[in-house]
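Reader: Hi! I'd like to talk through this structure with you. Could you put it up first?
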Amino acid sequence: MEIVSCKLLYALLTPLIGSLVVMRCGRYPNLREGVSFLASVVMFGLIVSMIPEVLAGNRLVYNLFNILPGLSVTLRADAFSMIFAVVASFLWILAVFYSMGYMRGLKEHAQTRFNACFALALFGAIGVAFSDNLFTMYLFYEIVSVCTYPLVAHHQDGESYSGARKYIIYLTTTAKGLLLPAMILIYVLTGTLDFANNITTGIFPADASAALVTMLYIFCLLGFAKSGIMPLHNWLPSAMVAPTPVSALLHAVAVVKVGVFSTTRVMLYVFGTGTMEALNLGIPTAYFVSFTILAASIIALSKDNLKARLAYSTVSQLSYIILGVALLTTSGIQGGLVHIANHAFAKITLFFCAGAIYVTAHKKNISEMSGLGRTMPFTFAAFAIASLSMIGAPPVAGFVTKWKLLMGALEMEAHYIGIILILLSSTLLNVGYFAPVTYKAFFGKRPAGESFEGIREAPLAMLIPLMLAAVISVILGIYPDFIMYFVKAVTG
Amino acid sequence: MDDVLIIKDGVMPFLSILIFLPLAGVLGLFLIDSDLFAKIWTLLVTLAAALCSLPLYFGFDLATAKYQFAEHHAWIPAWNINYTLGVDGISLLLVLMTTLIMPLCVLGSWSYIQKRVREFMACLLIMETSMIGVFVALDFVLFYILWEAMLIPMYLMIAIWGGPRKVYASIKFFLYTLAGSVLLLVAIIALYLRNGSFFIPAMMGQEYTYLFQVLVFLAFFLAFAIKVPMFPFHTWLPAAHVEAPTAGSVILASILLKMGTYGFLRFCLPITPAATIAFVPYILWLSVAGILYGGFTALAQQDMKKLIAYSSVGHMGFVTLGIFVLNKIGIEGAILQMINHGVTTGALFLCVGMIYERTHSRELADAAGVGKFMPWYVTFLAFFSLSSLAFPGTNSFVGEFMILVGGFTKYKVIAACAIPGAVLAAAYMLRMLQKVVWGGTDNPSHAGLVDLNVRECLTLAPLLIFVFWIGLSPEPFIEVMHASVNHLLVQVNGAVVEAPVAMARLMLP
């Protein structure tokens with residue numbers, strides 16, 4: 001049932017208003033951070049308040065602007081959008097705390113701009129989560145691109161400018177060059193850009209040319225470059241020049257999840273599993289993203305810089321989500337979608353840890369962190385838990401993903417051996433690049449001549465969010481139903 | 001004549017008022033000898049004209065394609081020349097945009113023009129008279145006189161108040177446009193000899209021979225293509241823009257360029273339909289060339305005004321693309337994009353003018369990094385730049401979207417070739433924005449710069465409102481076009497163009 005609900009609008013406007021207020025409060029840092037915190041809590045509250053209605057099988061909608069027939073700015077909350085909205089808004093609360101500790105700990109400049117853009121990025125992310133049609137999604141997708149540019153270029157030096165330039169070039173070129181024509185052709189073909197109301201039918205008329213629809217599918221798959229599919233992944237490692245809270249929230253949650261969320265939304269609600277099966281698009285997509293899963297993991301193995309390793313791990317893990325959906329089986333789709341949440345909690349923990357290590361010990365490279373775990377036990381314990389989730393070991397959340405993905409592969413009629421092999425080898429690779437970090441930190445020898453004198457645990461403002469995120473990863477592993485409710489509602 | 005004109009007795013002759021009010025304002029300027037009062041007077045006159053143009057919108061009948069608010073008086077009966085005015089869905093928005101832009105031009109020149117202020121204001125008012133006249137004239141002689149009359153004040157604005165190379169730029173501008181209009185005159189006379197009348201609507205829908213149509217079309221095309229300017233007739237534009245004072249650039253970009261595309265719609269399509277259809281592929285490819293050429297050239301510019309000038313070449317390429325795909329959504333998108341370009345590019349030129357007043361340089365490198373000290377300025381600049389690159393939610397997106405929908409409906413390959421132009425627009429605009437807002441850490445300090453004052457904010461704010469109004473709720477702007485565009489397509493094709501099933505649903509009123 002469709003219910004018109006203003007809550008959608010309020011939830012969307014909260015971060016926008018928050019960011020405007022933050023800009024005006026630049027002179028009072030405590031008030032400024034207070035406003036950010038308030039905005040994040042209010043937004044989370046509003047989103048949580050929508051959960052009962054959504055789980056009852058309703059679809060909340062709110063129409064903002066009508067531009068042309070079939071082209072409007074309309075918000076929608078269904079089970080699919082709630083997966084992303086709940087996760088992103090909750091992690092924003094943690095990130096507000098964490099970035100306060102980080103930015104103040106390092107005495108970073110332009111903290112007001114940082115906080116304002118942070119809120120604007122969330123505005124875009126929530127807009128994507130709540131979009132009811134391809135145009136609304138495109139609108140907020142572009143807002144995310146533009147508003148995160150100042151965050152990536154935050155340090156305003158040569159390295160950050162070149163990283164940020166790469167970032168914006170990759171994202172806008174693909175959006176304008178691939179998504180825009182795809183959107184226009186879909187509009188010409190169907191007369192509307194509204195998403196379907198289920199995941200099977202899609203919106204294309206039955207007599208649409210198969211070649212054209214296939215081309216549009218490829219444009220959409222590559223057009224959302226935020227999802228980090230190779231060969232369009234290179235912006236992500238470059239964007240790691242940003243301060244770590246940005247890498248954490250944006251490049252583990254908001255930005256990249258906007259990418260995969262959009263990709264999967266379009267796969268399921270524009271093309272639909274029916275069209276994808278009919279045109280045989282699922283298997284090629286699965287193998288295509290499998291390349292990313294494996295190649296990115298192998299590159300991650302070679303990185304000594306912790307953030308770079310995490311970045312390539314993100315590239316690899318994002319493709320799990322698309323892989324799951326591309327399997328087109330119930331369990332596969334469930335595994336892919338639940339990974340949106342599972343990866344978010346684990347990856348934000350890892351980035352939070354990387355930032356905490358940098359703030360307290362000023363270490364960026366894994367080789368320098370040998371033995372550091374004995375000095376910073378809580379941080380590295382959280383790191384270990386999150387690594388387990390990435391690897392997919394029980395009882396952490398990642399296990400649920402791997403289980404569902406393997407189930408999904410087994411439900412397939414053909415090609416399941418290939419997919420299973422890919423999943424297993426990628427798991428081994430995950431172990432290969434994550435386990436040594438924790439092992440060396442706890443059991444390794446300190447590097448010669450290096451003393452960790454004076455280094456202690458990270459400040460509480462950073463430690464609490466990262467511990468909390470790690471604990472939630474465990475809770476989601478033991479009690480996955482919370483996210484699974486939504487996921488099951490999507491697959492029906 | 002009554003079958004195309006709607007002349008209502010007892011209604012104020014709004015179009016004549018719009019034409020003669022600024023002219024009367026010029027007379028008023030003779031009586032004022034203070035620069036400040038001259039500016040205030042001009043502002044009041046242009047505001048009064050803007051108010052007088054509002055009834056055109058609110059009294060506009062959406063259901064008819066006839067010319068409304070029409071006036072018809074004999075002028076030179078011996079040659080059947082009349083004073084005939086009227087607006088339809090194609091010209092209405094252009095008239096309204098003209099009256100909107102003019103007060104902003106006065107505000108934008110407030111402190112920019114320091115010498116011969118009264119003369120400058122007089123030029124602005126004469127421009128307004130002739131520009132409105134061009135859009136509403138329905139008699140070819142009247143049209144041609146006003147068309148030529150525009151050149152003189154524009155020439156003076158560049159030649160007197162322009163930059164260092166003002167003589168070169170103004171003469172180039174004059175010669176180029178004059179060269180085009182000579183052929184226009186030939187075409188007008190040829191049409192008169194066939195019809196015995198200068199009444200423009202009477203020339204439409206006549207059975208001309210194919211050769212005659214082709215010759216008339218080519219004469220029209222050259223005149224209007226220079227004005228648009230279409231690639232490869234664009235070289236006068238960057239020179240004129242760079243040297244012109246702010247108000248001159250704004251008028252040039254926002255209104256004068258639209259006369260070319262307006263000419264295509266008003267004359268080429270309905271008077272010479274067979275020739276139009278024959279030339280469509282060439283013009284479409286020329287449009288694509290303009291889109292790409294303008295984009296690439298803009299990307300290489302160091303001078304902000306040149307950058308925006310070349311971006312205009314690209315944007316106007318989209319407009320001609322939309323016009324010549326000859327379907328409803330394409331043409332409506334093109335008309336909307338004409339308005340959008342006027343709003344957005346006008347605003348961008350105003351922005352450049354504001355920075356020029358402060359740093360006395362239009363170089364991107366010198367403007368780099370002003371963002372830190374002029375937050376309001378960069379806020380405006382950011383929104384207008386995003387609008388210029390067709391960011392979703394802004395006006396240009398809607399126009400470009402409609403044009404490309406029209407393009408992809410009929411000519412998929414050509415439309416696909418225009419897509420890189422959209423990418424380039426993002427590249428050059430974001431490059432400029434990045435430099436101005438962020439760049440220049442090695443620049444001499446801009447700390448002495450003052451942010452926008454109230455007058456400057458008031459100059460930009462109305463345009464910003466239109467950026468989002470058209471971007472988010474374009475229906476009030478599009479609905480006035482439907483009847484006239486349908487009629488135009490009937491004139492060109494004999495019937496509304498063929499359309500796929502889905503598009504047919506969209507095209508229902």
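Author: Happy to. One term before we start: a salt bridge here is a side-chain nitrogen of Lys or Arg within 4 Å of a carboxyl oxygen of Asp or Glu. Also keep in mind that this is a predicted model.

Reader: Thanks! With that cut-off, how many salt bridges are there between chain A and chain B?
Author: The count is 0. For polar contacts between chain A and chain B, there are 3 residue pairs, both residues being at pLDDT 80 or more.

Reader: And which elements of chain A give two or more residues to the side that touches chain B?
Author: They are strand E2 (59–68), strand E3 (71–77), helix H5 (134–152) and helix H6 (158–190) of chain A. H6(A) gives the most, with 15 residues.

Reader: How do the residues on that side of chain A divide into nonpolar, polar and charged?
Author: On the side of chain A that touches chain B, 25 are nonpolar, 7 are polar and 3 are charged.

Reader: What about the area buried between chain A and chain B?
Author: That area is about 2900 Å², and carbon and sulfur atoms give 80% of it. A:Lys176, A:Ile184 and A:Val188 supply 22% of what chain A buries against chain B, more than any other three residues. As for contacts, 35 residues of chain A meet 31 residues of chain B.

Reader: Nice. Switching topic: what volume does the second largest pocket have?
Author: Its volume is about 530 Å³. Of the 25 residues lining that pocket, B:Leu54, B:Leu96, B:Thr99, B:Leu100 and B:Phe466 are the closest to its centre.

Reader: Which helices supply at least two residues each of that pocket's lining?
Author: In chain B, those are helix H2 (35–58), helix H3 (92–108), helix H14 (328–359), helix H19 (454–472) and helix H20 (475–478).

Reader: Last topic, the backbone. Where are the cis peptide bonds you'd point me to?
Author: One joins A:Pro394 and A:Pro395, with omega about 5°. A:Pro395 sits in the loop between helix H13 (377–391) and helix H14 (398–410) of chain A. Another joins B:Val228 and B:Pro229, with omega about -15°, and B:Pro229 lies in the loop between helix H9 (210–227) and helix H10 (236–243) of chain B.

Reader: Why mention those at all?
Author: Because most peptide bonds are trans, and most residues other than glycine have a negative phi. On the phi side, A:Leu328 has a positive value of about 65° although it is not a glycine. You'll find A:Leu328 in the loop between helix H11 (306–326) and helix H12 (330–361) of chain A.

Definitions and conventions: Residues are numbered from 1 along each chain as its sequence is written. Chains are lettered from A and ligands numbered from 1 in the order in which they are written. This is a predicted model: local features need pLDDT of at least 70, side-chain atom pairs count only at pLDDT 80 or more; totals for chains, interfaces and linings use all residues. Side-chain values use heavy atoms; hydrogens and water are left out. Contact means heavy atoms within 4.5 Å. Buried area is the accessible area (1.4 Å probe) that two parts lose on being put together, summed over both. A polar contact is a pair of N or O atoms within 3.5 Å; within protein, one must be able to donate a hydrogen and the other to accept it, and residues adjacent in sequence count only if both atoms are side-chain atoms. Helices (H or I, at least four residues) and strands (E, at least two) are DSSP runs, numbered from the N terminus. Ala, Val, Leu, Ile, Met, Phe, Trp, Tyr, Cys and Pro count as nonpolar, Asp, Glu, Lys and Arg as charged, and the others, Gly among them, as polar. On a 1 Å grid over the protein atoms alone, a cavity is a set of points where a 1.4 Å probe fits but cannot get out, and a pocket is an open set with protein on both sides within 12 Å along at least five of seven lines; lining residues have an atom within 4 Å of a point. Grid points are joined across faces, edges and corners, and a volume is the space filled by probe spheres set on the points.
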